[in-house]
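Hi there,

Here is the structure I promised to pass on to you. Have a look at it first, and then read on for what turned up.

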Amino acid sequence: MANNCKILSFINMKGGVGKTTLTINIGKKLASLGSKVLIIDMDPQFNATQSLLLYKTRIQESKSEENEEVVVSQEITSSQYYKELSDRNETALQIFESSDVCEKKILAKEIVDNLYLIPGDLNLSKEISGDTSGKVGAVYNYIEENNILNDFQYVLIDCPPTWSILTHSSLFASDYYIIPSKVDLYSSIGISLLEEQIDKKIRKDRVHEKLRGNLERLGVVFSLVHRNIKAEEGRMEYLRKQFKDIEFFNNNFPHIPSASTRFIMIDEVKDNAGYSELVNSVEKITYELVSRLSQEDSDE
């Protein structure tokens, strides 16, 4: 590429692996390090969108107290803001509409300094069942036509946990992909299926290679890992041996029982010693990601 922007898809064919949590928190960490980051929510469940818009609301209100009334108020404010965006057709759905519509809309919304979001849309699901002809290049075309490669250092795409035109188009546009995976033996099925689909529909696609070059796998990140459990370590070792040709990140994302209910973004608890392991893991994974990308650049 003529610029330094890196486009990464976060994907697994199996849901519930912490994919969205990793995507938005790695994005936030990269932003805090000074890089301008765009997150594109391509999952029709739009969990990344809900989390980031609620986070934006919390930051703007700057309320230190945490009680049920405050939480409900913030959720209402966040959902109303999303409805306004949806009513104005300022979501990822527009990427699959005509280019004229896209160019008239500023889809990237600022969450905090250096961190932006193209919101997801439940209606993206209709793209899966509708006519998909000519839509493989939709995400790539939108990125190229809207100067995103020059405006951002990183574009992170939160992909749905199924193969569809949404997944295909996201990977078509990407330079790299990362596979978040829980430490269970069924995860091997999801990894295998994903690799088969990428080999069949992306890597062997001559058009893709002409436009984007090869799509590189950056590695598997073990997520929701239970620490100090011998069986968990055994499963990780088994999966590493089973996929000898696949890269695994050295750093893992830990399972913290109360994490999903207490906060959205990990930096919200960076001063809480009880979550230091979680905070440190995001930092380490992010630094390792940057290091791997630097190594890829030096190998080219």
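Leaving aside neighbours within four places in sequence, which residues is Val155 in contact with? Please keep in mind that this is a predicted model. Val155 touches Cys5, Lys6, Ile7 and Leu8, and also Leu38, Ile40, Ile143 and Ile148. Val155 belongs to the largest nonpolar core, which has 48 residues. Along with Ile40, Ile95 and Ile143, Val155 is one of the residues with the most contacts inside that core. Another core, of 41 residues, lies apart from the largest one and includes Leu30, Tyr82, Ile264 and Val282. As background, nonpolar side chains in soluble globular proteins tend to be buried together.

You will find Ile202 in helix α9, which covers residues 187-203. Ile202 counts as buried because its relative accessibility is 0%, and the cut-off for buried is under 20%. Asn214 is twelve residues from Ile202 along the chain, with 8.6 Å between their C-alpha atoms.

Now for the charged pairs. The whole structure holds 15 salt bridges. One of them joins the side chains of Lys28 and Asp267, at 3.0 Å from N to O. Lys28 sits in helix α1 (residues 19-32) and Asp267 in the loop between α12 (259-262) and α13 (276-299), so this pair ties together parts that are 239 residues apart in sequence. Lys28 counts as buried at 15% relative accessibility, whereas Asp267, at 22%, counts as partly exposed.

Lys109 and Glu90 form a salt bridge as well, with their closest N and O atoms 2.5 Å apart. Because Lys109 is in strand β3 (residues 109-112) and Glu90 is in the loop between α3 (68-87) and α4 (99-104), the pair ties together parts that are 19 residues apart in sequence. Lys109 is buried, with a relative accessible area of 12%, and Glu90 is buried with 11%.

Within helix α11 (residues 230-242), Arg235 and Glu232 are three residues apart, so about one helical turn separates them. Their side chains meet in a salt bridge of 3.2 Å, N to O. Arg235 is partly exposed, with a relative accessible area of 32%, while Glu232 is buried, with 6%.

Finally, take a look at Lys19, Asp43 and Asp158, which are linked in a network of salt bridges.

How values were computed: Residues numbered from 1 in each chain as written. Predicted model: local features only at pLDDT ≥ 70, side-chain atom pairs only at ≥ 80, totals over all residues. Heavy atoms only, no water. Core = buried A, V, L, I, M, F, W, Y, C linked by side-chain atoms within 4.5 Å. Buried < 20%, exposed > 50% of the residue type's maximum accessible area, 1.4 Å probe, protein only. Contact = heavy atoms within 4.5 Å. Helix = DSSP H or I, 4+ residues; strand = E, 2+ residues; numbered from the N terminus. Salt bridge = Lys/Arg side-chain N within 4 Å of Asp/Glu carboxyl O.
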